[in-house]
Structure formats: structure tokens, C-alpha cells
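Hi,

Here is the structure I promised to pass on.

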Amino acid sequence: MSGERSVFRSIFKNVSVLTLGRIANALCSFIYIAVAVRALGLSDFGLLILIHSLASTGSVLSRMQSWQTLIRFGSDSFSSDDTDLLHRVVHFCIRLDTLSAAFAIVFGLVGVQIYGHTADWSAHVRFLADLYVCVSPLMYSGWANGILRMAGKFHLVPIIDSCAAIAKTFGVLLGYVLHLKLGYFLFVWAMTIVIDYSFYVYYALDILHRKFKFRYFRAFRHWRWQLPGMWQFTRAASINQTLGNISGHVATLVVGTGLGPAEAAVFRVCRQIADGIVTPAQLISPVLYPELVRMRDRQDWRGLKRVTWKMFGVLGALSCVLLLLSAFFGSTIFRFLLHVHVHHTSLYISIMLLAAVFSLLVIPLEPLLIVVGHVKFLMTNRTAVMAVYFPALYVLTRHFGLAGACLSTAACNATILLSQMLGVWFFYDRIGKAER
């Protein structure tokens, strides 16, 4: 029990630290989104959101979940100072991210051409979108993020997030004062991504160099090296995570196609408000996974199960409070952000918060299934759900507008939660027996 209490203290301490950064980010986002809408108008702001979503979709599609691979195969060697093995694992993850970066640009450019033609974008807007795609490889700091999480340097994350958010806020305020247009605001968004990525890589390399005398470019010497099961784990984890991460960007693009850029902006902001409300609780995910890996390495299967269910109970209670919060303040937050009145925003935000709550309750279940070796189940499950979600989203959006888009998103997240609960129930008795 003392071990479990120690795990809980570590989790909530690190979540508290991460929350500070997210609070600063949220405060800044209230400012820069509101100012950007005033500067550009709702339609051009919608274009900015759609262009960012296209680049993000290319980035997400290409991502190999190197941070999960790094913690899964490198946590023990990091703790035991096994320099040779850790170097090999980190090198493998760096090579994964390099390949992901190349494919991010390819996917992004293809996406811009297809979507820009479908949405009848002008040549100027398509050109801006092509330029913005160039920063898509920097939207993912996988191996670097993994090093910070594995080293327990969670206090660096709020520093990085705050610096990027403050830079974006000042950039947007300058654009508003000077009456600058869409191209400038895309530049501000792009520079924020560059700043964020640069900080993560700098701190990760500093940690590795101080402790293990690490050299970055040595990663490209031995392309074929991998531990048994390493590639299979990475592939399954990446497909599962990619489908989860891409759903929000694709949903925004689908709404933009069916209803227009202004409605896409409303949908995105409603989703952002809902996600923002549950953000402190969502921060448990990057903290919980390394802790579960350490418990698995110690063969503490009983403690691993108990921690998972206790976290599920905490998040369940918190979800009820968040739903009440949305009912009273959701519409007010929306009007403050966009400075426009849109009918039924309280309904849209409440539905999106319900969807976010379903995703929140998945947080303790997914790491448990990954840690005990059932990542293939997660991949198959999410693939099946998304194969139904995207067509349903398009049909419901065309027939019922934003309400249809929100309802289909909530139904998708509820299905994922239910299926993962069933998966945990099915595999529960095997934990600690089949996977050791």
C-alpha cells in the first residue's frame, strides 16, 4: 500500500505541475483566439483553423508513437544507467521520428491539394496552406517528450508551454494592432510550433548528454537495429494513437466541407472549450503511463490494477463536476472567445464536453492494456470504431448541422470507452500471467 501511495503522490504532483502550464496556455488562448477572430473575422479565422487542421492531420497520420516505444523499452535501462542499450533505444526512436517528419510533409501537401480543390480555395489560400505544411514535422516531439517523461522532468513542460503560448499571444496582438491578414497569423502559429519543438529537443538532448554522453547524429548509423517485438509494439501503438489523435482534425475538416469555414470554426472552438475544461484531468495520461511501466518492471501486478481503478474512480467523480460546470458557463466562454452570438452553443458545448468526458474515462484503461501487452486489441478496436465514425459524421453533419457533428463525436467516444471497458474485463484475470 505504501508503494501505491507513493505512485499516487508522484502522479498528482506531476499533474499539478503540468496543470500550471496548461492554465497559462488556457489564459493565453482566451486572449489570442478572441483577438484573432476580431482581426480576421469568423470566416478567415475558420480558414486558419482549417489550414492548421490539414497540416496537423498530415503530422498525426505520419506519427510513430516513439515516446511510448522509448518508455516501454528504455525505462529500465534509463533507471539502471545501461548506456549502451539506452543509446540504441533512443536512436531507434529518433529514426522513427525522422521518417515521420518526411511523411508529414508528403501527407500534408497531398491533403492541401485535395481539400483545397474540394473547398474551392483560391490559389493564394492554397499557397499559404502549402507553406504552413512545412512546419508539420515539428508538430510532434515524440522521442524528446519521451525523455522528459522518463526522466520525470515534468516541471519543464509548463515552461515550454508557457513560452510558446506567450509568444503566440504577443504575435496575435501585434497582428491585430497593425491590421495584418491571414498570412501573418499563419506565420505566428508556425513560429509557435517551432519554439515549442526547439525547447523540447534542447532539454531532451541536455538530459541525455549530461547523464549518458549522448550524440544525436549517431542515431543514423544503424538503421536496422531493434529489440524483439519493438517494431510490432510501435506499429500497433501508433495506429491506435493516430486514429485517436486524428479524429478531431478530420472532424473539423468534414464540418468545413459540409457547412463552411465559419461553422468549422464554431465546431472547433466548442471542442476546444470542452477539451480545455477537462485538460487538468487529461494530464494524468502522460504521467500515468511511465508509472505503470515501472510497476510492470517490478512485477507489481496487484498494485498496477489498484492504481488503474482508483484513477478511474477519481476521473469518474470529476467528470460529474465538469458536466455541471459546462451547463452553467459553456455559452459564456464561447461568446467571450468569438465575440459573436451563435444559437445553441450551450447545447453544442455540453455534447462536446460529454464526448470529452468519455475520452477522459478511457485514460486509465488504455495505458493498462498497453502496459500488459494488449496494444493489438486497442488498435483493432479503434480502427473498427473510426471506420464507422467518419462516414456517420459526414452524414449527420449534412442532415443535422453542428448538432449532428457533436452527437456523432460523443457516440464515437462512448463506443471506444465501452469497448475498452469490455477489453479490460476480458483480459483482467490474465494480467500478470500471460504477459511477463
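First, some housekeeping. This is a predicted model, in which local features need pLDDT of at least 70 and side-chain atom pairs count only at pLDDT 80 or more, while totals for chains, interfaces and linings use all residues. Residues are numbered from 1 along each chain as its sequence is written, and side-chain values use heavy atoms, with hydrogens and water left out.

On confidence: pLDDT is the predictor's confidence in each residue, on a scale from 0 to 100. The chain averages 82, and 86% of the residues score at least 70.

The overall picture is quick to describe. The chain has 14 helices and zero strands. Here helices (H or I, at least four residues) and strands (E, at least two) are DSSP runs, numbered from the N terminus. Of the 436 residues, 55% count as buried; buried means under 20% relative accessible area, exposed means over 50%, and partly exposed is in between (1.4 Å probe, protein chains only). If you take the contacts (heavy atoms within 4.5 Å) between residues at least 6 apart in sequence, 85% of them join residues at least 24 apart.

Now the helix pairs. Two packed helices are described by the angle between their axes and the distance between the axes. The axes are lines fitted to C-alpha atoms, for helices over the stretch in contact, and angles run from 0 to 180 degrees between N-to-C directions.

Take helix α3 (residues 83-118) and helix α8 (residues 230-259): their axes come within 13 Å and cross at roughly 25 degrees. That makes α3 roughly parallel to α8, given that angles under 35 degrees count as roughly parallel, over 145 as roughly antiparallel, 65 to 115 as roughly perpendicular and the rest as oblique. The crossing of α3 with α8 is right-handed. (A crossing is left-handed if the near helix is turned anticlockwise from the far one by less than a right angle, and right-handed if clockwise.) From α3, the contact uses Val89, Phe92, Leu96, Tyr115 and Thr118, and from α8 it uses Met230, Trp231, Thr234, Leu253, Gly256 and Thr257. These residues divide into seven nonpolar, four polar and no charged.

Leaving out residues up to four places away in sequence, Ser53 touches His249, Thr252, Leu253 and Arg268. Leu40 is also in α1 and is buried at 12%.

Some pairs sit 139 residues apart along the chain. Leu40 and His179 have C-alpha atoms separated by 8.7 Å. For Ile33 and Val172, the C-alpha separation is 8.5 Å; Ile33 lies in α1 and is buried, with a relative accessible area of 3%. Ser162 and Ile23 are 8.9 Å apart, C-alpha to C-alpha, and Ser162 belongs to α6, where it counts as buried at 17%.

Lastly, two loop residues. Asp120, in the loop between α3 and α4, has a phi near 60 degrees, a positive value in a residue other than glycine. Asp120 is exposed, at 67% relative accessible area. Lys213 lies in the loop between α7 (182-212) and α8 and has a positive phi of about 55 degrees, although it is not a glycine. Lys213 counts as exposed, at 56%.

Cheers

Key. Nonpolar A, V, L, I, M, F, W, Y, C, P; charged D, E, K, R; others polar.
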